[in-house]
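Below is a short report on one protein chain. Please look over the sequence and the model before reading on.

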Amino acid sequence: MREVGIIAFGQTPNQRRELCRNEAEMLAPVVAEVLAQVGLSRTDVDFTCSGSSDFLAGHPFSFVMALDALGA
């Protein structure tokens, strides 16, 4: 098994309810913050893995919007 390390961390502020932003709009600033912490750009990232959050959004393929936010 390959050893890995956590080199940066980002998080959106916790809120009970988000009425104005979808998952992709919440995710994009966090990804930008983490990449800035480590001095990388989105083009430096070769592979992005994302899980589906369709049950939260209530419509199929909603995870595709989150991948678009990451620039995958």
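**Model and confidence**

This is a predicted model: local features need pLDDT of at least 70, side-chain atom pairs count only at pLDDT 80 or more, and totals for chains, interfaces and linings use all residues. Residues are numbered from 1 along each chain as its sequence is written, and side-chain values use heavy atoms, with hydrogens and water left out. pLDDT is the predictor's confidence in each residue, from 0 to 100. The chain has a mean pLDDT of 76. Of its residues, 64% reach 70 or more. Confidence is highest in helix H1, with a mean of 85. It is lowest in helix H2 (residues 54-57), with a mean of 58.

**Fold and surface**

The chain holds three helices and zero strands. Helices (H or I, at least four residues) and strands (E, at least two) are DSSP runs, numbered from the N terminus. Along the sequence, the pattern reads α-α-α.

Of the 72 residues in the chain, 14% are buried. Buried means under 20% relative accessible area, exposed over 50%, and partly exposed in between (1.4 Å probe, protein chains only). The chain exposes about 6000 Å². Carbon and sulfur atoms supply 58% of that area. Accessible areas come from the Shrake-Rupley method with a 1.4 Å probe; for residues, only the protein chains shown count as cover.

Contact means heavy atoms within 4.5 Å. Among the contacts with a separation of 6 or more, 49% join residues 24 or more positions apart.

**The charged pair**

Side chains of opposite charge can pair when their charged atoms come close. The count here is one salt bridge, defined as a side-chain nitrogen of Lys or Arg within 4 Å of a carboxyl oxygen of Asp or Glu. Arg21 pairs with Glu18, and their closest N and O atoms are 3.2 Å apart. Arg21 is partly exposed, at 33% relative accessible area. Glu18 is also partly exposed, at 27%.

**Helix H1**

H1 spans residues 23-38, a run of 16 residues. From first C-alpha to last, H1 reaches 23 Å, close to the 22 Å expected at 1.5 Å a residue. The expected span is 1.5 Å times one less than the number of residues. Ala24, Val30, Val31 and Leu35 are buried in H1. Seen down the helix axis, the buried residues of H1 fall within an arc of 135°, so they line one face of the helix. The arc is that of the directions from the helix axis to the C-beta atoms. Just after H1, Gly39 takes a positive phi of about 75°.

**Residues in and after H1**

Gln37 belongs to H1. Leaving aside neighbours within four places in sequence, Gln37 is in contact with Ala8 and Phe9. Arg42 lies in the loop between H1 and H2. Ser41 is in that loop too. Gln37 is partly exposed, at 43% relative accessibility. Arg42 is partly exposed at 36%, and Ser41 at 31%.

The table lists C-alpha separations for these residues.

| Pair | Separation in sequence | C-alpha distance |
|---|---|---|
| Gln37 and Ile7 | 30 residues | 8.6 Å |
| Arg42 and Val31 | eleven residues | 8.9 Å |
| Ser41 and Val31 | ten residues | 10.0 Å |
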